[in-house]
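Open the model in your viewer and keep the sequence panel beside it. The tour goes from selection to selection.

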Amino acid sequence: MSLGPDLPRNWYLLGPSKVLPRGHILSQSIGGRSIVIYRGQDDGRPVAFTAQCAHMGCHLGKGAVVGNSLRCGLHHRLINADGRFERDRNGDLQQETFLVEDFMGGLFVHLGDKAAARPLVELGLQETASCYAGEHAFPLTWQSLVANGLDIDHLSAVHDRTLLGEPLIDWPHPDEFRLRYVTRPSARKVPDRVINWLAPDGIHGSIRGISGTMMLVESRVGSRDTFILMSFCPDDAGGTLIRGLVGIKGSASLTNRISARVARALFKAFLHKDLHVLEGLRWHEPAFEHSFGDRAMRDVASFFRGLPRA
Ligand code: FES
Ligand SMILES: [Fe+2]
């Protein structure tokens with residue numbers, strides 16, 4: 001049974017903003033959509049287009065940035081940031097454009113109906129020190145990976161976390177699924193000891209599945225509020241590239257920037273535990289409800305099915 005769209009309408013993280021300096025072009029493919037993103041030479045703003053030129057289909061990654069426009073490599077026509085072609089008085093040619101934004105040090109593109117795009121500032125991550133957490137390719141669908149992120153029962157089985165009390169589930173928005181919980185590490189390895197020392201009352205966590213392919217994990221460890229924002233970018237071969245930003249609430253002071261890097265290392269150690277067990281996973285919801293986690297997973301499956309496609 002289908003688990004919702006292969007490519008949901010959503011924002012997708014393309015990498016850290018600095019991968020695209022002024023005057024440069026980046027070519028990417030997400031879920032079979034080929035796009036080019038360039039940064040204006042003068043205004044420094046990123047612009048995203050469908051990769052193939054509306055004139056005769058040349059890949060615009062072969063072009064050049066001229067001022068704040070993109071010049072196609074094949075006939076040197078100039079395409080403005082709004083997708084209109086220079087000197088095309090009748091407006092016959094229009095390059096398809098996408099919303100694209102620099103946000104928290106990352107470069108994000110929105111795929112799908114622009115009018116329905118939720119502003120990234122609604123994530124409430126302002127006033128944080130953040131850093132790019134890198135990318136990791138998995139030969140798994142985004143649904144398998146996101147379902148794993150929301151799978152409360154695997155926290156104890158795979159991640160050695162003990163749940164303190166029953167988690168809470170709600171839908172803060174029609175395209176958003178949220179799980180809140182308190183856990184404590186049950187193993188005695190170094191990262192677990194560090195967390196137990198920092199957070200004697202447990203880790204207060206919230207996981208938000210946002211429009212399917214974005215996940216925001218916020219954790220309060222002691223007096224520190226950390227977050228990781230993960231973007232699940234479907235590749236062209238049925239797998240997924242996960243890219244992330246990690247951060248800590250507070251100003252970008254040196255201490256907070258160091259803490260963000262510690263949070264990144266702890267988070268990578270956490271994810272590392274998933275790698276082996278997820279190999280070959282083809283996720284589906286459980287047929288029976290034997291636990292809170294089973295019920296939550298069935299809710300997650302219907303959440304996936306209700307998502308609009310890009
Ligand atoms: S194909 Fe792009 S200008 Fe002709
Ligand atoms: Fe996991």
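Strands (E, at least two residues) and helices (H or I, at least four residues) are DSSP runs, numbered from the N terminus. Two strands pair if DSSP finds at least two bridges between them. This is a predicted model, in which local features need pLDDT of at least 70 and side-chain atom pairs count only at pLDDT 80 or more, while totals for chains, interfaces and linings use all residues. Residues are numbered from 1 along each chain as its sequence is written, and chains are lettered from A and ligands numbered from 1 in the order in which they are written.

**Stop 1: two hairpins**

Select β16 (214-221) and β17 (224-234). They form a hairpin with two residues between the strands. In its turn, G222 has a positive phi of about 65°. The two strands run antiparallel and are joined by eight bridges. Pick R220 to see one of them: its bridge partner in β17 is D225.

C233 has L241 in β18 as its bridge partner. Five residues lie between the strands in this hairpin, and G238 takes a positive phi near 90°.

Is β17 mostly covered or mostly exposed? Mostly covered: nine of its 11 residues are buried. A residue is buried if 20 or more other C-beta atoms lie within 10 Å of its own, exposed if 12 or fewer, and partly exposed in between; the C-beta atoms are placed from the backbone.

**Stop 2: helix α1**

Select residues 142-149, helix α1. Six of its eight residues are buried, so the helix is largely enclosed by the rest of the structure. The buried ones are W142, Q143, S144, L145, V146 and A147. Contact here means that the C-beta atoms of two residues, placed from the backbone, lie within 7 Å.

**Stop 3: F177**

Go to strand β14 (residues 176-185) and pick F177. This residue is buried, with 26 other C-beta atoms within 10 Å. Which residues does F177 touch, leaving out those up to four places away in sequence? Highlight L150, W171, G209, V300 and F303. Then draw a distance from F177 to E166: 11 residues apart along the chain, their C-alpha atoms are separated by 17 Å.

**Stop 4: the open sheet**

Move to the sheet with the order β2-β3-β4-β8. It is open, has four strands and pairs them antiparallel. β2 (25-30) and β8 (97-98) stand at the edges with a single partner strand each, so one side of each has no neighbour in the sheet. Six bridges link β2 to β3 (residues 33-39) in the antiparallel sense. At I30, look across to its bridge partner in β3, R33.

**Stop 5: the two domains**

Colour 10-116 as domain 1 and 122-305 as domain 2. These bounds come from an automatic or database domain assignment. The C-alpha centres of the two domains lie 32 Å apart. Where they touch, domain 1 gives 13 residues and domain 2 gives 15.

On the domain 1 side, β1 (10-16) and β2 are the elements that give two or more residues. β1 has the largest share, six residues. By class, this side has six nonpolar, seven polar and no charged residues. Ala, Val, Leu, Ile, Met, Phe, Trp, Tyr, Cys and Pro count as nonpolar, Asp, Glu, Lys and Arg as charged, and the others, Gly among them, as polar.
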